[in-house]
Amino acid sequence: MDHRMFVGGAWVPARSHASTEAASPATGESLGRVPEGDRDDARAAIAAARSAAPGWARLSAFERAALLHRVGDVIEARRDELARTLTLDQGKPLRAEAYDEVDELVTYWRMAAEDGKRHGGLLPNSSSPGKRALLIRRPRGVVGVITPWNWPYTMPAELIAPALACGNTVVWTPAPSTSVAAVALASCVADADLPPGVLNLVTGPGPVVGDEIARHPGTDAVAFIGSTATGRLVAHAAAGKATLLEMGGNGPVVVLADADLGRAVAGALVACFLCAGQSCTAGERLLVHEAVREEFAARLAAAVRDTVRLGDPFDDATTMGPLNNAGVAAKMDAHVADAVGRGASVLTGGSRASSFRTDLYWEPTVLDGVSRESLVATEETFGPVAPIVGIRSLDEAIELTNASRYGLLAAVYTADLSAGLAFADAVRTGWVNINESSNYWESHLPFGGRSGSDSGLGRVGGSHPMDAFTELQTVIIS
């Protein structure tokens with residue numbers, strides 16, 4: 001099967017006719033050929049978006065909302081097809097995770113439709129008698145959107161849907177390893193009959209297509225979700241434009257001595273093994289008080305053996321599927337080996353599983369006695385590993401959290417609410433969960449990194465991206 005890009009309301013190949021073969025991380029089977037777009041394709045998509053921008057902006061927020069709800073209707077009608085495509089292309093277990101992502105995808109489109117209706121300006125007082133001042137929210141114009149592979153439906157939607165809702169047109173390039181899922185999502189928008197050029201999809205290598213979208217003078221704002229290293233390149237290319245950047249995380253899950261260990265273990269399972277650990281909100285390190293570390297580690301390892309089922313993602317019993325690509329699997333190899341080399345003990349897992357159709361299946365792994373200098377404790381591993389680092393106090397947990405260059409999210413388990421709030425007050429992260437997994441979020445709430453960290457700039461979630469996707473125009477009436 002040959003897939004196509006969506007530009008100016010038409011399904012088109014790359015102008016060079018170059019393409020790459022997509023393969024399933026779950027089964028190894030071919031998913032067809034995907035266009036390998038280049039700078040010319042990106043420029044054509046930007047031109048289409050610029051042509052469509054004035055007409056789309058002139059529609060009322062209520063007219064745009066009706067069209068976004070229509071996208072939601074198409075997604076709901078294709079729920080089974082979209083979930084299956086997600087499992088094949090990304091590797092998520094069909095029943096345990098893929099259907100949930102499709103359902104959340106509907107939420108993002110419908111939420112943006114309603115938030116767009118309410119995203120108004122202001123009527124401030126004028127300093128001159130008899131004059132009226134209006135502050136009107138205007139769309140930026142063309143928004144470039146660059147998205148990752150770990151949540152290939154919802155992460156694009158949390159940028160694209162609000163950008164469209166407040167009157168912008170969009171040029172979108174997805175991560176190459178989930179381009180097939182991106183085509184499936186774009187087809188829902190296409191079949192909802194939005195005006196040609198309002199949404200444009202260009203598949204291809206990020207250093208080429210993404211770079212062109214970010215730096216081209218035809219894009220007025222750029223929104224990116226992905227790794228810190230790539231995000232910095234995007235920010236440099238987009239210098240001078242409005243930017244929204246959600247980048248990497250190394251968020252700790254802190255377990256204090258008075259924590260409910262059963263609850264903390266349950267939270268750690270979600271933190272470390274949801275999406276096979278491939279989440280910016282994953283529990284990348286577990287900072288556990290020495291008074292309970294040994295018991296916590298034993299209970300967590302037992303829970304992993306009992307409840308986490310690595311397997312065929314189309315099997316209803318599977319709770320964790322393969323990693324998405326060879327690069328993240330190699331990083332798991334290196335980080336686990338580094339931790340063990342520094343003295344960590346493997347309580348369960350510890351290697352790739354060899355009995356599956358691809359070599360991307362990594363065993364759910366619990367490491368105890370992890371050195372705080374280990375790669376697995378300082379970098380974003382992005383794999384199914386629970387690295388346990390011992391601590392001796394709340395102050396030490398705060399110190400280790402703030403020593404990281406990341407500032408996205410942190411979680412703490414404690415019976416003392418005042419200690420939990422003290423943690424939230426002291427750590428420099430954009431989100432803090434108290435007695436809840438790090439992998440807990442609500443789609444309408446603002447999410448993003450603290451300033452000065454390597455976790456990004458601005459906020460996604462609900463209407464919050466609309467602040468980046470619009471600008472205030474001042475109008476004086478005399």
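Begin by selecting helix α8, whose buried residues are covered by elements that include β6 (142-146), α7 (206-215), β9 (221-225) and β10 (242-246); contact here means heavy atoms within 4.5 Å. Helix α8 itself spans residues 228-237, and its buried residues are T228, G231, V234 and A237, where buried means under 20% relative accessible area, exposed over 50% and partly exposed in between, with a 1.4 Å probe and protein chains only.

Before going on, note that this is a predicted model, in which local features need pLDDT of at least 70 and side-chain atom pairs count only at pLDDT 80 or more, while totals for chains, interfaces and linings use all residues. Residues are numbered from 1 along each chain as its sequence is written, and side-chain values use heavy atoms, with hydrogens and water left out.

Next, select α7, where V209, G210, D211, E212, I213 and A214 are the buried residues. The elements that cover these buried residues of α7 include α1 (39-58), β6, β7 (169-173), β9 and α8.

Now zoom out to the whole chain. The protein has 15 helices and 19 strands, which are DSSP runs numbered from the N terminus, helices being H or I with at least four residues and strands E with at least two. The radius of gyration is 23 Å, close to the 23 Å that the globule rule gives for 478 residues, so the protein is as compact as a globular protein of that length; this radius is taken over C-alpha atoms, and the rule is 2.2 Å times the number of residues to the power 0.38. Along the principal axes, the C-alpha trace spans about 70 × 65 × 35 Å, and 58% of the 478 residues count as buried. Among the contacts with a separation of 6 or more, 72% are accounted for by residues 24 or more positions apart.

Select H119 next, in the loop between α4 (94-118) and β5 (132-139). H119 counts as buried because its relative accessibility is 19%. Leaving aside neighbours within four places in sequence, H119 is in contact with R137, M466, D467 and T470.

Move on to S443, which lies in the loop between β17 (431-434) and β18 (456-457) and counts as buried at 15% relative accessibility. Not counting residues up to four places away in sequence, S443 touches E104, T107, Y108, M111, G461 and G462. From S443 to T107 the C-alpha distance is 8.1 Å, although they are 336 residues apart in sequence.

Most residues other than glycine have a negative phi. D193, in the loop between α6 (179-191) and β8 (199-201), has a positive phi of about 65° although it is not a glycine, and D193 is exposed, with a relative accessible area of 55%. F382, in the loop between α12 (375-378) and β15 (385-391), has a positive phi near 65°, and F382 counts as buried at 12% relative accessibility.

Finish with the cysteines. With a disulfide taken as a pair of cysteine sulfur atoms within 2.5 Å, the count comes to zero disulfides. C272 is in no disulfide, and the nearest cysteine sulfur, that of C275, is 13 Å away. C272 counts as buried at 1% relative accessibility, and C166 counts as buried at 8%.
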